[in-house]
Amino acid sequence: METRTASEPTPMKNRTTSERKSARELVVTRTINGPARIVFEAWTKPELFKQWWVPKSLGLTLLSCDMDVRPGGKYKLVFKHGASEPMAFYGRYREVTPPSRLVWTNEEGGEDGSVTTVTFEEQGGKTLVVLHDLYPSKEALDAAIASGSTSGDMNETFEQLEALVVTLK
Amino acid sequence: MVQYKPARLDASFAALSDATRRGVLEQLGRENASITALAERFHMTLTGMKKHVGVLEQAGLVTTEKVGRVRTCRLGPRRLEGETAWIERYRRLWDARFDELEKVVDKLKRKERGNGDQDRK
């Protein structure tokens, strides 16, 4: 993909891509209009992080957000969806290298949790963000996909099909 | 990449509209099974189960293979499409997230530049 430095008054929205890179890896990419230093700051300061991590379209409320951003430091995010029980997501930061790299574990799922690596690569005032989720095995990633899509309930499969219909248009 | 055809999608919806067929899919999600085993599991005649499996096969949700006298059923190529759909949903989540991140970054950029003396609400 080629990035040109255009100075249009209304820049095109940057594209987000997602891909299952291998049996164990998911990769998401996106270019953000801003220097890596600032993107990194927005990712590592809780008061800024809270402003973007839970987009309204998700229908989730962020109840609490604790982040001790340093190698070995813990984080814990608690969400609530409608009237359901709150869900907690937690783990530890493994690497914190400003402004280019952040690695954390996802431990809420037990031993089969993934390790997330985010890299920030600055090019001409913009930052390419590459988010990389590495699962311990193919089975673990398959299970993550399955639990997020079927969970033994075929209503979810209908949702999948609906999502498919949208992509057909 | 699998070609998506509307007719095929209809077939999927039709296939999933039946509780037994949904059960069969769930079962095959755990392990492959012969038509005989499925018929027993769902207290059904062999002919009845063959029909259900036929509908699922038509929709691409199940594939069957006959080895000797046993026809084994497993989840079909549709499963990949399920994964494709999931990855697309995952992309959309991140797309929405990154849109919000971009707004935060933009605010910080403006603040740094010192344009606009104060952050407006």
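This is a predicted model: local features need pLDDT of at least 70, side-chain atom pairs count only at pLDDT 80 or more; totals for chains, interfaces and linings use all residues.
What pLDDT does chain A average, and what share of the residues score at least 70?

View 1. Chain A averages a pLDDT of 80, and 79% of the residues score at least 70. Within chain A, the highest mean belongs to strand E6, at 97. The lowest mean is that of helix H4 (residues 154-168), at 42. Residues 149-169 of chain A have a pLDDT below 50, and the model gives this stretch 28 contacts beyond near neighbours in sequence. At the other end of the numbering, residues 1-10 of chain A stay under 50. For residues 1-10 the model has 4 contacts beyond four places in sequence.

**View 2. The open sheet of chain A.** The sheet is made of 8 strands with antiparallel pairing, in the order E1-E2-E8-E7-E6-E5-E4-E3. Strands E1 (16-22) and E3 (60-67) each have a single partner strand, so one side of each is left without a neighbour in the sheet. From one strand to the next, the twist averages 20°. Strands of a sheet pair through backbone hydrogen bonds.

**View 3. Strands E2 and E8 of chain A, with helix H1.** Strand E2 (residues 25-32) runs antiparallel to strand E8 (residues 126-134), and 8 bridges join the two. One of the residues in this pairing is Leu26(A), whose bridge partner in E8(A) is Asp133(A). Helix H1 (residues 36-44) of chain A packs on the sheet, where it touches E2, E6, E7 and E8. The direction of H1 makes about 150° with that of E7(A).

**View 4. The hairpin of E7(A) and E8(A).** These two strands pair in the antiparallel sense over 9 bridges. Thr119(A) has Val130(A) as its bridge partner in E8(A). There are 2 residues between the strands, and Gly124(A) in the turn has a positive phi of about 55°.

View 5. E6(A) and E7(A) run antiparallel and are joined by 5 bridges. In E7(A), Thr116(A) is the bridge partner of Trp104(A). Is Thr105(A) buried or partly exposed? Thr105(A) counts as partly exposed because it has 16 C-beta neighbours inside 10 Å, whereas a buried residue needs 20 or more. Leaving aside neighbours within four places in sequence, Thr105(A) is in contact with Gly91(A), Arg92(A), Arg94(A), Gly113(A) and Val115(A). Arg92(A) is 13 residues from Thr105(A) in sequence, and their C-alpha atoms are 5.4 Å apart.

**View 6. The largest nonpolar core, with residues from chains A and B.** This core has 30 residues. Those with the most contacts inside the core are Ile32(A), Val39(A), Ala42(A), Trp43(A), Leu101(B) and Val105(B). From chain A, at least two residues each come from E2, H1, strand E4 (74-81), E6 and helix H3 (138-147). Helix H5 (78-113) of chain B supplies the largest share, 9 residues. Not counting residues up to four places away in sequence, Val105(B) touches Ile32(A), Gly34(A), Ile38(A), Val39(A) and Ala42(A).

**View 7. A second, separate core.** This core has 14 residues, including Ile35(B), Leu56(B), Ala59(B) and Val62(B). In soluble globular proteins, nonpolar side chains tend to be buried together.

Terms used:
Residues are numbered from 1 along each chain as its sequence is written. Chains are lettered from A and ligands numbered from 1 in the order in which they are written. Two strands pair if DSSP finds at least two bridges between them. Helices (H or I, at least four residues) and strands (E, at least two) are DSSP runs, numbered from the N terminus. Axes are lines fitted to C-alpha atoms, for helices over the stretch in contact, and angles run from 0 to 180 degrees between N-to-C directions. Two residues are in contact if their C-beta atoms, placed from the backbone, lie within 7 Å. A nonpolar core is a set of buried Ala, Val, Leu, Ile, Met, Phe, Trp, Tyr and Cys residues joined through C-beta atoms within 7 Å. A residue is buried if 20 or more other C-beta atoms lie within 10 Å of its own, exposed if 12 or fewer, and partly exposed in between; C-beta atoms are placed from the backbone. pLDDT is the predictor's confidence in each residue, from 0 to 100.
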